[in-house]
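Please consult the sequence and the coordinates alongside the text.

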Amino acid sequence: MRKILLVIQREYLTRVKKKSFWILTLIVPILLVSLYAIPIYLATNSLEVTHVAVVDETGLYNDFHSSDDIVYHYMDSFDTASVGNSDTVDVMLYIPRPRSGVVPTETFVYFKNDAPSPSVKSDMDRQCQDMLRNNILLDVYNINREDYDQIKNTSVKLHVQDLDTGESDFSGMKMAIGLVLSLLIYMAIFMFGTQVMRGVMEEKTNRIVEVLVSSLKPFQLMMGKVVGVALVGLTQFTLWIVLSGSIITAFTIANADTFDRARQQEQIQMLHSRGVSAEQLSSEMPNTDMQTEMVQGLLHIQYGTIAIAFLIFFILGYLLYSTLFAAVGAITESEQDNSQFVLPLTVPLLLVIILTPTLIEAPSGSLAMWLSMIPFTSPVAMMVRVPFGVPIWQIAASVGILLLTIIIAVWVAAKIYRTGILLYGKKITYKELWKWLRFKN
Amino acid sequence: MEILVTEHVEKNYSGHRALTDVSVSAAEGRVLGLLGPNGAGKTTLIRIINLITAPDQGKVFFCGEPLKAKHIEHIGYLPEERGLYKKMKVGEQAMYLARLKGLSKNDAEQRLRQWFKRFEIDGWWNKKVEELSKGMQQKVQFIVTVLHEPRLLIFDEPFSGFDPINANLLKEEILRLKNNGATVIFSTHNMASVEEICDDIVLINKSKVVLSGRVNDIKNSFRKNIFDVRCHKTDEEITFADGISVLSQTADELNTFLKIKIDNTLSPNDLLRSLVDRVDVLSFQEVLPSMNEIFIETVTSNNQSQTAEKEEGI
C-alpha cells in the first residue's frame, strides 16, 4: 500500500508540475466563461448607438423608427458638409426623388470613418422595405397600415412548463449544456486515458519497468498510474470549476441589471403558473426577448447535480478506459503499431459523440436510454441527458453496470499488463492476448 | 550458508522451454557467475529469483525459507535492460526508487548523498536524467540497486555499456560489497570479468545447467597438461620422446618459446627433467584454460551431443 501511494504521488506530481497542465487549466474556464458570457453580452450590448441622418426627398420614407442602438434623425436637405462636421451623425441615408413617375427605390448611404455595421444596414434596409410596402398596400390594395401591422405581427409563443413544478423547460439552454458536457467528458476520458497509455509505454520502452518490477508488483504499478492520473484529472476539474465559478460570479455581479430583468421575468411566469388568466398574463408580460430568455435559462440549470454527475461519470468512464489503455500501452512499443488496439477502444466513444445531435433531440428516447446503459458509451450519453433530468433508477443502473465492467476491465488489463510490459520486440496479436487471459498464474 | 537455493526449477513459455530442472545455489559472501549463451534462460532464472515471474515447477529458498515477497527487500537487482524516467530530476528519481525499496525518506536521502559523493556525481542531483551521459545513468542505477544494503545482489550484464574506467569502478564496488558480506549473483558474457570476480559459476545452455562449481575446480578439471616454456635461444628444433609433444616453437632475438603437451601419465617434473637436458629453462608455467575457452568448449560439445541425441532419436 505504501508503494502504491509512492507511485500515485510520483505520477501526480510529475504531471501537475508540467506547464501544459497549467495552460489547459486556464484555457478551459476561459472557453466556458465565454459560452456563458455571450448571451449576457448580447443582452446588454446596446451601448454603441449609431445615429443615422435621413434625407428623404420622396416623402414616402417618412416613418423610420429609432431603436436603442440605432437613432434616426430627419434632415431637410442633403448637406454633406454639415454631416461631415457633425460629431453626432455617423451615417447619412439619402433617398433622392426619382427621375420620372416610377417608384422610388434607389437609396444612398454615406458614412465617415467606420462603415455602418451589418445590423445597421439591415435595419435601414428592412425599414425602407416596410415603408415602401406599406405605401404600396395602401395605395394599390387599400389596406391601411394598422391592419397590415396587425396581420404581419401575429405570432404564437410557446410557453413550455412542467405541470408539477411550474418550471419552464429552457430546452435550448439544456441542449447547449448537454452538448458541451458530453464533448468535455469525451475529451477528458480520451485525454487522461491516453496519458495513462503513454506513461505505460514510456516505462516499457525506456526499460524503467525492469527496474521497478523488482520493487513492486506490476498491478501496483498499473493501478498507481491509473489513480495518479485520475487525481490529476480531478485536480484539473476542481481548478476549472473554481476558476469558472469565480469568473462567473464576478460577471453576474458586474451585470446585475440583466440578471434582475431575467428574475423579474421568472416571477411573472411563476404567477401565471399559479392560475393567472391569459389576458392578465399578456398584459403583465412584456415581450420576452430571446437574450433575456437565455439568461433566464442560465439561472435555471441545476449546476450542482450536473457537476456531481459529471464527476461520477468522469471517474467511472476514466477508470474503464484508462485501465484498458494501460493494457494497450503494455503490449505496444510505439504509437504507430498500437492503432489496432487503440481503434476498438475509441470507436464506442466516437460513435456516441457522433450520435449526440440525435440523442439531444430525444434525451429520454430509447436510443439515449440504451447508450446510457452500455458501459463504453454511458459516460458520454449520460452527460447529454443529465441537464434534462434522468430518472434515478437509470443513473443507478448505469453506474452499477459501469462498476461491474470496470472490475472486469481491471482484471483483464492486469493480466495483459503483467505479461506485456516485460516483453519486447514481439508483435502481439489478439490471439496471443486471448492465450494470456486464459493462462492461469 | 546458502543464501539462495533453487531446486529443480522449470519454466515454460507458450511454445518454448526456458528452464529445465535448474538447481543452483549461491553461498553467502561469495560471487556466483551465471553464464550462458543468449537465450539460454539466465534472465528467466533471475526473474524467478526476483519474484517477477513464478516457476512452473521447483522451489526457491532464501536463507532456508521458501522465497516470498517479504524477502524482496533483501535483494538488490540491476536488470540488463535498465532505464530511468528521462524527464525526472536525478535526485528525485533516485529517492523514488529508493523509497520503493522500503527506505524511509530520511534514510534514502542520507544514503543517496553519500553514494553520490563516492561516485562523484553529487553535482547532478538537480539535473534531469536526460542530461546525463549513459555512464552516469548507470552509476545512478547501480547506487539505487545497492542502496538498501541487500544481502543478495543480482547484476544482469552489469558491464554492458560501461566504459573501461566505470567498468573498473563497478568491479571494485562489487568486490567491496562482497567483502562487506553481501552475496552476489551476476550474469555476464564478459569472461575476463568472471575470472576476476567470480568464486563460483553456473553455466546454463539451452535451459539446462551444463556446468557448475568453483572457478578454480572447474579450471583444474579443464586443464590439458599444456605448459609454456621459455628458454635461451636455440636454433635446434626441439623434439622429445614418447608422451611429450611440442605443439609450437617460436623464437625472438633472445628467447625460444615452446608450447608442450604431456600425457596424463607424466608429471610436470618429468617434463622439466627432460627439458633441462636439452635447453636452458628460463621460465616454466602450466597453461590453464581461460573461462572463455571453457565456455566455448562446454557449450559447443553440449550442442553437438544434443544434436547427436536428436538424430539418434530420429
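The C-alpha centres of domain 1 of chain B and domain 2 of chain B are 44 Å apart. Domain 1 covers 2-220 and domain 2 covers 224-287, with bounds that come from an automatic or database domain assignment. The model is predicted, with local features requiring pLDDT of at least 70 and side-chain atom pairs counted only at pLDDT 80 or more, while totals for chains, interfaces and linings use all residues. Residues are numbered from 1 along each chain as its sequence is written, and chains are lettered from A and ligands numbered from 1 in the order in which they are written.

**Chain B overall**

- Chain B contains 9 helices and 14 strands; helices (H or I, at least four residues) and strands (E, at least two) are DSSP runs, numbered from the N terminus.
- The C-alpha trace of chain B spans about 75 × 55 × 35 Å along its principal axes.
- Of the 314 residues in chain B, 35% are buried. A residue is buried if 20 or more other C-beta atoms lie within 10 Å of its own, exposed if 12 or fewer, and partly exposed in between, with C-beta atoms placed from the backbone.
- Among contacts in chain B between residues at least 6 apart in sequence, 69% join residues at least 24 apart. Two residues are in contact if their C-beta atoms, placed from the backbone, lie within 7 Å.

- An open sheet of 6 strands in chain B has the order 6-7-8-3-9-10, with mixed pairing; two strands pair if DSSP finds at least two bridges between them.
- Strand 6 (75-78) and strand 10 (208-214) of chain B are the edge strands, each pairing on one side only.
- From one strand to the next, the twist averages 15°. Axes are lines fitted to C-alpha atoms, for helices over the stretch in contact, and angles run from 0 to 180 degrees between N-to-C directions.
- Strand 7 (residues 152-156) and strand 8 (residues 183-187) of chain B are parallel and share 5 bridges; B:Asp156 has B:Ser187 in strand 8 as its bridge partner.
- Helix 1 of chain B packs on this sheet and touches strand 3 (31-35), strand 7, strand 8 and strand 9 (200-205) of chain B. The direction of helix 1 makes about 150° with that of strand 7 of chain B.
- B:Ile49 belongs to helix 1 (residues 42-49) of chain B, and B:Ile49 counts as buried because it has 25 C-beta neighbours inside 10 Å.
- Not counting residues up to four places away in sequence, B:Ile49 touches B:Leu4, B:Val60 and B:Ile154.
- B:Ile49 and B:Lys68 are separated by 19 residues in sequence and by 9.9 Å in space, C-alpha to C-alpha.

**Antiparallel pairing in chain B**

- Another open sheet in chain B has 4 strands in the order 2-1-4-5, with antiparallel pairing.
- Strand 1 (residues 2-13) and strand 4 (residues 57-62) of chain B run antiparallel and are joined by 5 bridges; B:Glu7 stands opposite B:Lys59 in strand 4.
- Strand 13 (residues 255-262) of chain B pairs with strand 11 (residues 226-232) in the antiparallel sense over 7 bridges, and B:Cys231 has B:Thr256 in strand 13 as its bridge partner.
- Strand 12 (residues 244-251) of chain B also pairs with strand 13 in the antiparallel sense over 7 bridges. B:Ile244 stands opposite B:Ile262 in strand 13, and strands 12 and 13 of chain B form a hairpin with 3 residues between them.

**Helix 4 of chain A**

- Helix 4 (residues 118-141) of chain A has 24 residues and should span 34 Å at 1.5 Å a residue; its end C-alpha atoms are 33 Å apart, which agrees. The expected span is 1.5 Å times one less than the number of residues in the helix.
- A:Val120, A:Asp123, A:Met124, A:Gln127 and A:Met131 are buried in helix 4 of chain A.
- The buried residues of helix 4 pack against strand 1 (50-56), strand 2 (70-75), strand 3 (91-95) and strand 4 (108-111) of chain A.
- A:Asn142 follows helix 4 of chain A and has a positive phi, near 60°.

**The interface between the chains**

- In the interface, 20 residues of chain B are in contact with 15 residues of chain A.
- Helix 2 (residues 90-100) of chain B gives the most to the side of chain B that touches chain A, with 4 residues.
- The side of chain B that touches chain A has 11 nonpolar, 4 polar and 5 charged residues. Ala, Val, Leu, Ile, Met, Phe, Trp, Tyr, Cys and Pro count as nonpolar, Asp, Glu, Lys and Arg as charged, and the others, Gly among them, as polar.
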